[in-house]
Structure formats: structure tokens, C-alpha cells
Amino acid sequence: MSAQPLLVVDDLRVSFATPDGVVKAVDGVSFTLERGRTLGIVGESGSGKSVTASTIMGLTNSATASIQGSIRLGGNEIRGASDEDVRRMRGRDMAMVFQDPMSALNPYYTVGRQIAEAYKVHHPTAKKAELREVALSMMQKVGIPNPIGRADEYPHQFSGGMRQRIVIAIALVNNPSLLIADEPTTALDVTVQAQILELMKSIQDEFGSAIILITHDLGVIAEVADDVAVMYAGRMVERASAVDLFETPAHPYTWGLMGAVRSLDGSGRGSLRTIPGSPPSLIAVPSGCPFHPRCQFADRVGERCSSERPSLHGVGGTSSLSACHLPSETVVELLRSGVSA
Amino acid sequence: MLAFAVRRLMFAGVLLLVVSLFTFLLFSLLPTDPAALTCGKACTPERIEANRERLGYDKPVPEQYWLFLKGIFAGRTYGEGEAEFSCPAPSLGYSFSEKDCVTSLIAKTFPVTASIAIGAFVLWMFIGLGLGSIAALKRGRWPDRLATGFSVLGVSLPTFYIGLLILFTFVIWLRLLPFPSYVSPFEDFGRWFTSLILPWFTLAMLSSATYTRLTRNGMLEVMNEDFVRLGVAKGLPRRTVLRRYVLRGAMIPIVTVAGLDLAALLGGAVITESVFTLPGMGRLAIRAVTDSDLPVLVGTTLVSAVLIVVANAVVDILYASLDPRVRVK
């Protein structure tokens, strides 16, 4: 039991039929996640990060989306399970923290009631006093001062950071084994961001949950992730431990992402590098490697980039997997030598 | 919450005073001579002057207003001796053309209007909320199309047209129902009910179309909110999410509009009352306009204003109890 990973996602494909064509939001994503680990998923807007997350939670509307592949949580297949079974797992085995705490809480009920409600769904016999106790202790755990006084207040009476703490309290109230955080700090002030990340780390230590952290912010990844998956156009283009990813980014896209971050160590070369072009439309994804129209190395490989889809393969000397036709050693070497500048 | 309600009601009181002043002033500025309208063909200058004195129209306007206000609380006595007559409190004046106190005219017609309005209100809320919810839940599928189609139809058909159409269909052609004539529900509940079904449907048709759209759009809007997704992510059953999250959010604008709609209707369902010849307050007001019956006009205007102001206050208080964000100052 303990040997098998907590979460196994295998060849997940999610597409939406729209009047303009089929949008392939997620196209063959596979990964595993162990208990107590944090997986960061990075990528630009529209790279399929959020759809991956909401599909794992069973929140992707199966009436409008076509979902294929397998998602196993603790050995149970989520895909193909009945709606009722997935509902029972939601909030109990897997929970989610949303991007914008200003709109994630129900404005019509007190925060204490909302935390208690999340507990009561999965503990139907819980009495009023117990629910109150649970809500107060969760508020305490996520660092809300004076829980007794504040449990009866409404969301609009809290600041953004405090609301995100409450959303986290709601997510953790049933001690789920998997926590999915979709851009949990994007809508917050920088100082509050640090506090929330700190809180998530300490909570992981206490509850032992596995975390999927979705973000476009590499700084956040560096802060908390053990492993990183880089997504582009609905596909995973690189998968590595956080250390290896920052030491030796193996995929040209990852390198591009890192170049677009301002560093504070003073070695900055003046202006930020950007990745030329824009993310592809998910209706007409470029053939072969989806990144090839924007890739600076595409001409070194030639036609293969536009004709054949690269699969993930190991990068020598690291834990990394990268989906690039150019031998990854060559990419690393080229990038190191500063070709990109 | 209580403090909010008290504050809101006090404000409503002040507002009513202002409304009464303006209504009264407006009608005393009209070029019609109210005394000349009291006797019609039988008028002689002497009679006009006598009536003017009896009704207090000879006094300066501020004093007239004062007497009018006083009458509301203390009742009012006109003339003296043999010709003396009085309208007990709350008196809104005396109508010569109806030979009756305005208050008792309104008291006779208001139950008719209230029966029409409240019945129609209940009906359209049921239809509107029901169809709207179904449409929102089955978005894009045939129940949605049907409900949306119905609401377009309902909004486009004028009340007098629908009224005549169903009157013709059910009363004259199919002979399923008697021709509507008002009976007090305390006298004969069955006849009250059967004679009001058609007016109810006539009014409900238009409004339920509006409320179908309001409900559908409100629910769809709220369904896209993050907090609804969080409710689902908690593992709440669909029904619970719909009730506590979606409907709760969608109800708030509906309550606001519904309160005001009901109040406006209670002030007189003019067209429906006319089509079905029901002796309601709307018809009373229309008659007062055509006959230049100023006391009745002032009285019905004021009653409608009271209804609107009270409905506004009730809606505000309801709103605050539904949405905690409104409560804080």
C-alpha cells in the first residue's frame, strides 16, 4: 500500500468541443505523486495546468468535455467512478484551493459555518458543538487570530490573505491526502504570498498531504516544490526535481521561462528576455513539437521538430525528463554557452 | 440588523411626509377649481362658494395641507349644522362626484386590487422561479429553449391583448369559467377564486416571463462564481450547492424587483381591472383622472406612494437579511 504512489495520472486527455473546433486543453499528461511531496506545475496561461487540476478533482464538466486516460488516487480510479463516489472523495480525499480568495468564499454565510459545512458533508453525524470546535481549531491552525471572535464574521470582513487562510482551512478540514492549489498566491500581495506559502509548507509537515501547486510563478516553485512539471500547449514538456530544473533546465521552453524572470543577484543583463511569439491556439496546435515555431533551436534539428512529436526522455546526469528532439545534453550545453543571449 | 430596520423605517416615514406634501401641492396648483366640480350642472355661484367653504378650499394652501394632514390622523368634519358630515380618521378627503369619503372609496376598491395583485404575484413567482431554474439547469437543451421562448413571448404580448385573448377563449368560447366579477373571499371563496383565475394568469403571463429570465440569468451568473466551485470541491451534494450557493445568490436581485413589482401592482392593476371590469383601485384612479376628482386623485396617489415606500423599506430590510455585505454601514 505504502509502496504505490498516492496519485497516478496516466495519459490524461481533456478536450472541449467548441464552435471553432476541438480545444485540446490537456493532451497526454502523465505523472505520479508520492505522499508528502509537492509537485509544482508551471506553464503559461492556457497551457492546461488548471484543466488538469480540475479534472483530477472531478470538476471538469463531463457534459461539455471529453476526458480520456486514467487518474488513480490511493489506488482508486476516479475516471469512470460514479458521480456520487467522486463527490464523496472531493473534500475528503482531495481538496482544492482556488486562485482568488476574494471570490472563493460564499458571501452569504459566516466563515465558521463554511468550514463546519465542509466537515459536516463527510461527517454527517457530527453535532453542532463538535462542528464549532472543528471550525475554531482549523482557524487556529491556519493562523487566524482570535478565531472565537471571527468565526461568526462574514468573508467580506476579512482581508485577502485571511480569506485565503480560510479557504485553506476549508480544504484541510477533512485532512485530505491530496491538496491541489491552483495559483493560490497569484491574487495576493507579495508579503502575504510568502506567508501563505509558509503556511502551506507547515501544514504539509503537520498533515502529510501531497500537494499539487499550480502556478506560472517560478519563484513560488523554487520556494515550495519538490518536483516540477512544465506544461506547454496541454503537454508536459519537462519533468524534473526542483533542484535539477533550476540547475540544468533541459527543455528550451523551460529555459525561456527562466530567462523571463528578473533575478535579484545583480547579474541581470539589463532587459528581460522574452520568448518570441505567443502561446499556440489549442484548437490548431503546431504539428510535431508544439513549441517548435518559437524554439530557437528548431533549425538545428530540422524537419523532425515540425513532423514528429517528441516524447519525454531522460537527461543525462539528472532526474529530469525532457521532450525535445535535440539531445538534451546538447541543449544544456548550448544554453550554458549563452546561445540564447 | 434591528438597528438597520429601525433606521430604514424612520427614513420611510420622512419620505412619506415629503411625498404627501408634493402630491398635495401639485394638485392644488392645477388650474381646475375643485369647488366648481362639486355640483356639476346644478352649479350656481352661490353653491360653488358654499361648497368651497364647506370643503375648506377657501383657505390658503398651507392651511389646507395642514387640515389634510390632520384629517389623516384625526378625521375630518365638513360644514356645520344640517349640512354637517364627517369622514373619520384616516380621512383623505371627500369626493363630491362619488358622494363618499375618499378613504371608504379606497377601502372598497383596495381588496379587489389586492386580490388580483397578490394572486398574480404568487402565480408568477412560482412559474418564473420554476421555469427559470429549469432553464438554468438544462442550459442550451430543449427545456431551456422552451422556457426562453415562453419568456420572449410573454414579454412581447401586451396585457390587454393577453387579457382579451384568454377572456375570449375561456369564458366566451370554451365557457369553462364565469365572467369575472369580484366577490369577497370571505363571502364565497370558490367564486372569488374562479372569477380571479383569468386576471391572475393575464398578469402573471407578463411578469413570469420577466422572472423566468431573471432567475435563469441570475442562476447562470452565480453558477460561474468561484465560491460555487468551492462548494462543489467541498464534496457538497448538487442539491445543497444549488440551494445554499446558487439560488441564495440568485434570489437577491429577484427579491428586490419582486417587492417593487408587487407594490406597484397593489397601487392598481389598471389594464387588467379594465379588461375584466373589476372594481379595483386602478379603475378608481382612472375615473378620478377623467372626472378631475381631485380628492380621490390625491388619495389614490398617496396610497400608491405609501405602498411603494413601504415596499422599498421592506425590500431593503430583506436584502440586508439576505446579503450580509449590505448590513455594515
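In chain A of this predicted model, residues 24 or more positions apart account for 65% of the contacts with a separation of 6 or more. Chain A holds 14 helices and 12 strands. Buried residues make up 46% of its 341 residues.

Next, the overall dimensions of chain A. Its radius of gyration is 21 Å. A compact globule of 341 residues would have a value near 20 Å, so chain A agrees with that expectation. Taken along the principal axes, the C-alpha atoms of chain A fill a box of roughly 70 × 50 × 45 Å.

Now turn to a sheet in chain A. Four strands form an open sheet in the order 2-1-4-5. The pairing is antiparallel. Strand 2 (21-33) and strand 5 (76-77) of chain A are the edge strands, and each pairs on one side only. In general, strands of a sheet pair through backbone hydrogen bonds, either parallel or antiparallel.

Strands 1 and 2 of chain A deserve a look in detail. Strand 1 of chain A covers residues 7-18. It pairs with strand 2 of chain A over 10 bridges, in the antiparallel sense. A hairpin of 2 residues joins strand 1 of chain A to strand 2 of chain A. A:Ser15 stands opposite A:Lys24 in strand 2 of chain A. A:Leu7 has A:Leu33 of strand 2 of chain A as its bridge partner.

Chain A also touches chain B. The contact takes 24 residues from chain A and 17 residues from chain B. On the side of chain A, the elements that give two or more residues are helix 2 (83-89), strand 6 (94-97), helix 3 (101-104) and helix 4 (111-122). Helix 4 of chain A supplies the largest share, 4 residues. By residue class, this side of chain A divides into 13 nonpolar, 5 polar and 6 charged.

Move on to chain B. It is divided into domain 1 (2-102) and domain 2 (108-294). The C-alpha centres of domain 1 of chain B and domain 2 of chain B lie 35 Å apart. The contact takes 6 residues from domain 1 of chain B and 4 residues from domain 2 of chain B. On the side of domain 1 of chain B that touches domain 2 of chain B, the residues divide into 3 nonpolar, 3 polar and no charged.

Finish with one residue of chain B. B:Ser115 lies in helix 4 of chain B, which covers residues 102-137. It has 22 other C-beta atoms within 10 Å, so B:Ser115 is buried; the cut-off for a buried residue is 20 or more. Which residues does B:Ser115 contact, leaving aside its neighbours within four places in sequence? They are B:Pro185, B:Trp192 and B:Leu196. B:Phe150 gives a further reference point for B:Ser115. The two are 35 residues apart in sequence. In space, they are 26 Å apart, C-alpha to C-alpha.

Technical notes: Residues are numbered from 1 along each chain as its sequence is written. Chains are lettered from A and ligands numbered from 1 in the order in which they are written. This is a predicted model: local features need pLDDT of at least 70, side-chain atom pairs count only at pLDDT 80 or more; totals for chains, interfaces and linings use all residues. Two strands pair if DSSP finds at least two bridges between them. Two residues are in contact if their C-beta atoms, placed from the backbone, lie within 7 Å. Ala, Val, Leu, Ile, Met, Phe, Trp, Tyr, Cys and Pro count as nonpolar, Asp, Glu, Lys and Arg as charged, and the others, Gly among them, as polar. Domain bounds come from an automatic or database domain assignment. The radius of gyration is taken over C-alpha atoms; the globule rule is 2.2 Å times the number of residues to the power 0.38. A residue is buried if 20 or more other C-beta atoms lie within 10 Å of its own, exposed if 12 or fewer, and partly exposed in between; C-beta atoms are placed from the backbone.
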